[in-house]
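Visitor: I'd like to learn how to read a model like this one. Could you walk me through a few features?

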Amino acid sequence: MRLAPPKYVKEAVVRNNTRRTATVTVKFGSAAQESEGNGFLEDERRIEPDESVTFESRTYDMGTWTAVAPVYSVRAITPGDGGDDVVHALHTVKADRLIGRQTFILVDDGGEVTIELGETLE
């Protein structure tokens, strides 16, 4: 029996191409790993306009070996016009192959912040 190749993203680079400071949370893990007792891992960073931040790969300590915690989602929160924080974008990651590093780009789409996929590195 031949095993299927892995399909996940190891690291995320988030580029803020908006005029707003964004609080970005990258969630690592999977539902399957959570069911085995390995909860999701989150990394939250503040990203200024025109800046990029790398969210490095995460692993679970399985005793004698480690398991990759793949990038599960990217969420961006930016200040709204009334001063309240507004969740503008949530991107759940779906990979069709093993991706070493995926770039996610925050863009201002007519006043609404969205997340677009950028460069991938194998």
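Visitor: Which residues does Gln 102 touch, not counting residues up to four places away in sequence?

Guide: Some ground rules before that. This is a predicted model, so local features need pLDDT of at least 70 and side-chain atom pairs count only at pLDDT 80 or more, while totals for chains, interfaces and linings use all residues. Residues are numbered from 1 along each chain as its sequence is written, and side-chain values use heavy atoms, with hydrogens and water left out.

Guide: Now, contact means heavy atoms within 4.5 Å. By that rule Gln 102 touches Val 9, Glu 11, Ala 12 and Val 13, and also Leu 117, Gly 118, Glu 119 and Thr 120. Gln 102 itself belongs to strand 9; strands (E, at least two residues) are DSSP runs, numbered from the N terminus.

Visitor: Is Gln 102 buried or exposed?

Guide: Buried means under 20% relative accessible area, exposed over 50%, and partly exposed in between, with a 1.4 Å probe and protein chains only. Gln 102 has a relative accessible area of 5%, so it counts as buried.

Visitor: And how do I read the largest nonpolar core? Which residues touch the most other members?

Guide: A nonpolar core is a set of buried Ala, Val, Leu, Ile, Met, Phe, Trp, Tyr and Cys residues joined through side-chain atoms within 4.5 Å. The largest one here has 23 residues, and those touching the most other members are Val 14, Val 24, Val 26, Phe 55, Val 71, Val 74 and Leu 106. Several elements give two or more residues to this core, including strand 1 (9-16), strand 7 (71-79) and strand 10 (112-121). Strand 2 gives the most, with four residues.

Visitor: What is Val 74 in contact with, leaving aside its neighbours within four places in sequence?

Guide: Quite a list: Val 14, Val 24, Thr 25, Val 26, Ala 89, Leu 90, His 91, Phe 104 and Ile 115.

Visitor: What about sheets? What order do the strands of the open sheet have?

Guide: Two strands pair if DSSP finds at least two bridges between them. The open sheet has four strands in the order 3-2-7-8, with antiparallel pairing. Strand 3 (41-47) and strand 8 (85-92) are the edges, each pairing on one side only. Inside the sheet, six bridges join strand 2 to strand 7.

Visitor: Last topic: how many salt bridges does the structure hold?

Guide: The rule is a side-chain nitrogen of Lys or Arg within 4 Å of a carboxyl oxygen of Asp or Glu. There are six. Among them, Arg 19 pairs with Asp 108, the closest N and O atoms being 3.9 Å apart. That pair links distant parts of the chain, 89 residues apart: Arg 19 is in the loop between strand 1 and strand 2, and Asp 108 is in strand 9.

Visitor: Why does Arg 19 count as exposed?

Guide: Because its relative accessible area is 75%. Asp 108, at 27%, is partly exposed.

Visitor: Which side chain meets Asp 96 in a salt bridge?

Guide: That of Arg 97, at 2.9 Å from N to O. Here Asp 96 counts as exposed at 56% relative accessibility, whereas Arg 97 is partly exposed at 33%. Elsewhere, salt bridges that share partners join Asp 43, Arg 45 and Arg 58 into one network.
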